[in-house]
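Thanks for coming, everyone. Let me put the sequence and the structure up, and then we'll walk through a few spots.

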Amino acid sequence: RAARGAEDGDFKNAIDKLRALIQGPRRKKPSGFHLRTEMRLIGDHSASTMMGRSSKFGQKIRIWFARGRSRLAKSFRFDQRQVITVGLVGVWFSTAMISNISSKAIMDEYKRPSFLVLFQLLVNVILNGSILKQNAKSCESVLNKMKEAAPLCFPCAFTLMLSRVLTYISFSKVPASLTQTIKASTPVFAVFLSYILNGKRSTFRTLVTLVPIIVGVTLSTATELQFEFWGFLSALLAAFISTLQTFATKNFLANTKMDSSPLVFNLTVSVMAAVVLLPANLYHTWFGVEGNPEQKITGSLVLLFATSAFMNWCQTISSIYVLQRLTLLSHQVTSVLRRLLLISSSLIYFQTEISFLKLLGMITAISGFAWYSWEKKKLRKTRRTTSPPAISAHSSGGFVTDCNDKLAIIV
């Protein structure tokens, strides 16, 4: 069909037919490779029509070869995207493990949780600000909008600061593996807060998924050899506050529509959290209320502080780029793997003594966390098929769009 169009002089019609032949009906906009292939084939065919019928077989061979090249290039681009995504996930996991281990090492040597959180927030502000400064024109309107939404952003910043401080207090008293296992109980608090704040009742299958989480956390805590009540309570409160932070972030993103600028949102939350934490830190420093006032800062401790803050920032940035490439279900699966790697790396690095019952409890809690994530994904999919696409955080029990659900975890 393309040959007849070229012989009749209707080159535009011939190009359209060759485009449909080479690319197929699915792709609307041809790439530069396909356009060059089409123009070359049209020129080759115009010259080959003067050489007789034998050139038509060569034309079919060239079309077949061009089609194979286009498919190969498409598969290469797809594989390249997969490689980049896997690399970003690897960076996210590795930086999270290094940040977790370095923070625990700091708490063992220098018991100042609020100072560590403040230092991390300040490094986060400096590095995020330097990135956004390169594109200041496009971020100017977003920053103005963030200033107007500052009162709504304050709960996000306060809960962020409080959850981190409580986590590091738990690090200073109990093993990091136990803290991470206890923080896997966030689905229990999510179901409870969803009913209290939004009046939403969870399904029976969702409630069943909470049983292995509760059993696993209880078993790990009861068999912990280095158990301390205040460390356990701090980790439990950190899990509760982090759940409140997720709800506050979802409501903020739903009301301000700031899900398109995660870096600006993260920068604003970090600035507000640092402002809130700075006076308390100065008070603790002057009066020696927190930690031991005679503690000395050594070179190794400075290196640990720098490593913890930088890796915490790298973890945040890599998570932003990872979550832009993954679906919500893939994100939840990676979150489960990340939690498992944090627990296992802490056990290996600090050589924590672990019994069979404690290991069984950790596996049970992580399995319940994964089961809960799977059930919530199925529930969201059912809601999308039975409800309008525009969903508010208040009308859906705190579950808004996929992007908001992801960005609520970034901070």
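In which hand does α9 pass α10, left or right? The crossing is left-handed, meaning that the near helix is turned anticlockwise from the far one by less than a right angle, with clockwise for right-handed.

Two words on the source. This is a predicted model, where local features need pLDDT of at least 70, side-chain atom pairs count only at pLDDT 80 or more, and totals for chains, interfaces and linings use all residues. Residues are numbered from 1 along each chain as its sequence is written, and side-chain values use heavy atoms, with hydrogens and water left out.

Now the overall picture. The protein chain has 16 helices and 0 strands. Those are DSSP runs, numbered from the N terminus: H or I with at least four residues for helices, E with at least two for strands. Of the 411 residues, 46% count as buried. Buried is under 20% relative accessible area, exposed is over 50%, and partly exposed lies in between, with a 1.4 Å probe and protein chains only. Take contacts in the chain between residues at least 6 apart in sequence: 83% of them join residues at least 24 apart. Contact here is heavy atoms within 4.5 Å.

Back to the helix pair. Helix α9 covers residues 186–198, and helix α10 covers 204–222. They pack at an angle of about 140°, and their axes are 9 Å apart. The axes are lines fitted to C-alpha atoms, for helices over the stretch in contact, and angles run from 0 to 180 degrees between N-to-C directions. From α9 come P187, V188 and V191; from α10 come T206, L207, L210, I213 and I214. That contact divides into 7 nonpolar residues, 1 polar and no charged. Nonpolar is Ala, Val, Leu, Ile, Met, Phe, Trp, Tyr, Cys and Pro; charged is Asp, Glu, Lys and Arg; the others, Gly among them, are polar.

Stay on α10 for T221. T221 counts as buried, at 11% relative accessibility. Beyond its neighbours within four places in sequence, T221 is in contact with L178, I182, F227 and F232.

Next, L357, in helix α15. L357 counts as partly exposed, at 43%. Leaving out residues up to four places away in sequence, L357 touches L219 and T223.

What is the phi of Q351? It is near 50°, a positive value in a residue other than glycine. Most residues other than glycine have a negative phi. Q351 sits in the loop between α14 (328–349) and α15 (356–386). Q351 is exposed, at 68%.

Over to α13, residues 299–323, which holds S308. S308 is buried, because its relative accessible area is 0%. Its side chain makes a polar contact with the side chain of S103, at 2.9 Å. A polar contact is a pair of N or O atoms within 3.5 Å; within protein, one must be able to donate a hydrogen and the other to accept it, and residues adjacent in sequence count only if both atoms are side-chain atoms. Contacts of S308 beyond four places in sequence include S99, I106 and Q120.

Last, cysteines. How many disulfides does the structure hold? The count is 0, with a disulfide taken as a pair of cysteine sulfur atoms within 2.5 Å. C153 is in no disulfide, and the nearest cysteine sulfur, that of C156, is 5.3 Å away. C153 is buried, at 0%. C156 also counts as buried, at 1%.
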